[in-house]
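Please keep the structure open while reading.

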Amino acid sequence: MSRIYNFSAGPAVLPEEVLKEAADEMLDYRGCGMSVMEMSHRSKMFEEIINTAEADLRDLMGIPSGYKVLFLQGGASQQFAMVPMNFMKNKVADYIITGQWAKKAFSEAKLYGVANAVASSADKTFSYIPDCSDLPISENADYVYICENNTIYGTKFKTLPNTKGKPLVADISSCFLSEPVEVEKYAMLYGGAQKNVGPAGVVIAIIREDMITEEVLPGTPTMLRYKTHADAASLYNTPPAYGIYMCGKVFQWLKRKGGLEAMKEYNEKKAKLLYDFLDQSQMFKGTVEKKDRSLMNVPFITGDADLDALFIKESKAAGLENLKGHRSVGGMRASIYNAMPMAGVEKLVTFMEDFEKKNCRKP
Ligand SMILES: *Cc1c(COP(=O)(O)O)cnc(C)c1O
């Protein structure tokens with residue numbers, strides 16, 4: 001068996017320890033004679049799995065008791081609709097446009113009410129986070145929406161926007177559990193698991209209880225109401241049980257690693273190694289304003305499409321996979337989530353150094 005270093009933006013690398021544990025428990029989960037995939041979601045066994053997962057997540061993030069934790073399906077993309085369907089009481093919401101995912105959420109919200117783009121970084125290909133200290137927040141906005149870490153462009157909000165008292169909703173898909181979060185500052189945070197938390201198929205939503213009401217837009221399906229899932233403790237229907245089990249294992253792994261403070265420190269070290277290299281390189285260049293750089297997704301270019309293509313081909317052959325940038329921006333992108341070990345980033349940087357030496361244009 002040989003494993004590659006997987007720099008994919010998602011589905012992404014998972015901790016090897018977690019995968020091994022899951023393999024060990026595959027045929028016979030803790031003496032029950034079946035796998036987690038085969039057990040009833042109403043069984044004692046599974047109840048313990050989901051309850052432990054929730055308790056560990058609450059512990060890791062310091063989620064206050066006035067917030068619900070929901071395990072949902074439909075991908076992060078389904079939240080683009082669920083958020084307005086559940087929260088647009090006045091049918092007005094303000095969106096900060098910092099990339100494709102925010103744009104998609106914004107377009108979806110327009111199906112349900114008036115969505116305003118109150119700030120955008122589209123003018124410079126989303127290479128920065130706009131100043132959000134004094135935005136024209138709508139008087140009757142039901143919420144202000146951000147995509148906190150922009151997976152495709154590699155930017156992250158280092159300070160949250162001033163929402164002028166309006167509830168803040170954040171898509172944290174690609175920075176989930178990468179560092180400590182002040183949950184109290186948000187009305188809702190959510191993310192698809194497949195970036196930094198677990199396998200695809202699970203979406204985790206953390207919602208302040210006063211936001212979860214019966215009062216949703218007319219026609220909102222039962223399955224798309226937060227209240228349905230909150231009232232049933234995420235067991236209204238069959239949940240993505242195996243995915244939740246895997247997320248639970250990642251939560252325990254994170255606790256063993258020292259929690260989110262320790263992860264932040266580790267992630268900063270990994271990112272620094274790569275960014276420092278980019279900053280001194282004659283060939284490679286980071287594409288994001290330094291102050292807004294993501295710890296998780298690091299896009300970079302050579303400025304020469306042929307060289308980019310050669311880099312992607314040769315890095316793959318060297319066991320460094322999925323370094324191709326998003327199809328909408330080109331170039332390269334290294335996603336260095338929690339489970340990417342330092343050794344992977346070291347190998348990448350060494351490879352980039354060698355590549356630069358080999359391919360530098362002779363003066
Ligand atoms: C990947 C991603 C999404 C889309 O996730 P799906 O689960 O595929 O719907 C949304 N937002 C962000 C920030 C992402 O990185």
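This is a predicted model: local features need pLDDT of at least 70, side-chain atom pairs count only at pLDDT 80 or more; totals for chains, interfaces and linings use all residues.

**Aromatic contacts and cysteines**

Phenylalanine 284 and phenylalanine 300 are both buried. Their rings form an edge-to-face aromatic pair, with 5.9 Å from centre to centre and 80 degrees between the planes. Because phenylalanine 284 lies in the loop between α7 (259-280) and β11 (285-286), while phenylalanine 300 belongs to strand β12 (residues 297-301), the pair ties together parts that are 16 residues apart in sequence.

A second pair joins two helices, since phenylalanine 311 lies in helix α8 (residues 305-317) and phenylalanine 351 in helix α9 (residues 342-359), so that parts 40 residues apart in sequence are tied together. The ring centres of phenylalanine 311 and phenylalanine 351 are 5.5 Å apart and the planes stand at 65 degrees, and therefore this pair is edge-to-face. Phenylalanine 311 counts as buried at 0% relative accessibility, and phenylalanine 351 counts as buried at 15%.

In total, the structure holds 17 aromatic pairs. One aromatic cluster is formed by Phe87, Tyr95, Phe106, Tyr143, Tyr145 and Tyr226. A ring can also face a charge: the charged end of lysine 124 sits over the ring of tyrosine 128, 5.5 Å from the ring centre.

Turning to the cysteines, how many disulfides are there? With sulfur atoms required to lie within 2.5 Å of each other, the count comes to zero. For cysteine 32, the nearest cysteine sulfur is that of cysteine 247, 19 Å away; for cysteine 132, the nearest is that of cysteine 147, 13 Å away. Cysteine 32 is partly exposed, with a relative accessible area of 25%, whereas cysteine 132 is buried, with a relative accessible area of 8%.

Key: Residues are numbered from 1 along each chain as its sequence is written. Side-chain values use heavy atoms; hydrogens and water are left out. Buried means under 20% relative accessible area, exposed over 50%, partly exposed in between (1.4 Å probe, protein chains only). Rings of Phe, Tyr and Trp (its six-membered ring) pair if their centres lie within 6.5 Å; planes under 30 degrees apart count as stacked, over 60 as edge-to-face and the rest as tilted. Helices (H or I, at least four residues) and strands (E, at least two) are DSSP runs, numbered from the N terminus. A charge sits over a ring if NZ of Lys or CZ of Arg is within 6 Å of the ring centre and within 35 degrees of the ring normal.
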